[in-house]
Amino acid sequence: MYPQTQKKIAEMLKGNVFPGVSYTFIDMDKTETRMVGSAAILPERESLREGMLYDVASLTKVIVTTTLLLQLQEEGAINFEDPVQAYLPEFPSAAVTIRHLLTHTSDLKGYIKNRDALTADELIAALIALTPGENLGKNVVYTDTGLLLAGFIIEKLTGKSVEKNFEERIKRPLAMTESTFHPTDPMRCVPTQNHPTRGVIRGVVHDPKALSLGGHCGSAGLFAPMKDLIRFSRMMLHFGEWEGQRILREESIRTLLRDWENVPSQPRSLGWNLIQEGEDFVLWHTGYTGTFMILDLNQQTAFILLSNRVHLKDHRPEWIAVRDELIAIYRKEARKETAE
């Protein structure tokens, strides 16, 4: 499946874009998964093994937080046009809505002094105290802040942590048995960065805010193996249901397939980014550590890629350029296969 895409992945591996990679193509009822390269190169080279867990970073935003909010909307607990202040009274602006958080149009000024030195409670208070700028609702500016606040709203409504909600509402029903915010065996996890103070990060989340907040973080923190992400993707491709478990209503999934903001050249759904192809939209999202998911619900296809491209060094601009080239190659092949 997708030979040109696989050729590009091989080139990326040879060019040391990442030490190793696991990837899956889903095409209707067909699934093809490949695993190539190394899990680690420090302290010694280690081959990838089936079932290893990846720090999926910002894929947490769509797998966990966005899905939970859609469920709460179905239950009548929230409306996406509700002000954040209705759920977090300490929040200083009455103009910012849940929709703004999910579409990255809140223009919240995310700088927090001495952020990494704060306790979890201090960090939560600082995040809730952030104020929007003059471009509220006008521009899409990707940030963790919106989904962090969304996570706090979930906790306020349910009385349970983001992690506990994920376990009860998504993980167990979908049988995503290995996915977790707190891996118990670091050696089952693919390591990430060789951090100047933390050393080689393995089995502990890479993102500093998620490290502080733990299971209360709505923006990052999830570890998952490929097989669990395939199950989640299958659920999405089947418009909210998989193997008899209804996670979301079909109409909730369909609401994702539109641009919620109409900001020129930056289509954005709730939580998800959008690739526009003609009049149709394809869902996609990335993770800082070197992960992404692309879901074409109309054509029933998906591409999931898991890497630890920050191991050992973080070359983000180069990664973004080659990642976007890979995605363009895949979408071109996907359109060609559909046409045939």
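Biologist: How many residues in the lining of the largest pocket are nonpolar, polar and charged?

Modeller: In this predicted model, that lining has 13 nonpolar, ten polar and eight charged residues. Ser58, Tyr142, Thr286, Tyr288 and Arg316 are the lining residues that lie nearest the centre of the pocket.

Biologist: And which elements each supply at least two residues of that lining?

Modeller: Strand S10 (273-277), strand S11 (280-287) and helix H10 (316-339) each do. The space in that pocket comes to about 670 Å³.

Biologist: What is the volume of the second largest pocket?

Modeller: About 270 Å³. Its lining has 15 residues, with Asn16, Val17, Phe18, Pro19 and His311 closest to the centre. H10 gives the largest share of that lining, three residues. By class, the lining splits into eight nonpolar, three polar and four charged.

Biologist: On to Thr65. Why is Thr65 called buried?

Modeller: Buried means under 20% relative accessible area. Thr65 has 0%, so Thr65 counts as buried. Thr65 sits in helix H2 (residues 59-74).

Biologist: What is Thr65 in contact with, leaving aside its neighbours within four places in sequence?

Modeller: Thr60, Leu147, Ala150, Gly151, Ile154 and Gly218. Each of those pairs has heavy atoms within 4.5 Å, because that is what contact means here.

Biologist: Now Asp116: why is Asp116 called exposed?

Modeller: The cut-off for exposed is over 50%. Asp116 has a relative accessible area of 58%, so Asp116 is exposed. Asp116 lies in the loop between helix H3 (98-103) and helix H4 (120-128).

Biologist: What makes the Asp116 and Arg115 pair a polar contact?

Modeller: Their side chains are joined at 2.9 Å. The limit for N or O atoms is 3.5 Å, and residues adjacent in sequence count only if both atoms are side-chain atoms, so this pair qualifies.

Biologist: Which residues touch the most other members of the largest nonpolar core?

Modeller: Ile63, Phe80, Phe232, Met236 and Leu283, out of 79 residues in that core. H2 provides the largest share of this core, eight residues. Not counting residues up to four places away in sequence, Ile63 touches Phe166, Ile170, Met176, Leu222, Leu229, Phe232 and Met293.

Biologist: What does the second, separate core include?

Modeller: Among its 20 residues are Tyr23, Phe25, Ile294 and Tyr330. As a general point, nonpolar side chains tend to be buried together in soluble globular proteins.

Conventions: Residues numbered from 1 in each chain as written. Predicted model: local features only at pLDDT ≥ 70, side-chain atom pairs only at ≥ 80, totals over all residues. Heavy atoms only, no water. 1 Å grid on protein atoms, 1.4 Å probe; cavity = no way out; pocket = protein on both sides within 12 Å on 5 of 7 lines; lining within 4 Å. Points joined across faces, edges and corners; volume = space filled by probe spheres on them. Helix = DSSP H or I, 4+ residues; strand = E, 2+ residues; numbered from the N terminus. Nonpolar A, V, L, I, M, F, W, Y, C, P; charged D, E, K, R; others polar. Buried < 20%, exposed > 50% of the residue type's maximum accessible area, 1.4 Å probe, protein only. Core = buried A, V, L, I, M, F, W, Y, C linked by side-chain atoms within 4.5 Å. Polar contact = N/O pair within 3.5 Å; in protein donor to acceptor, adjacent residues only side chain to side chain.
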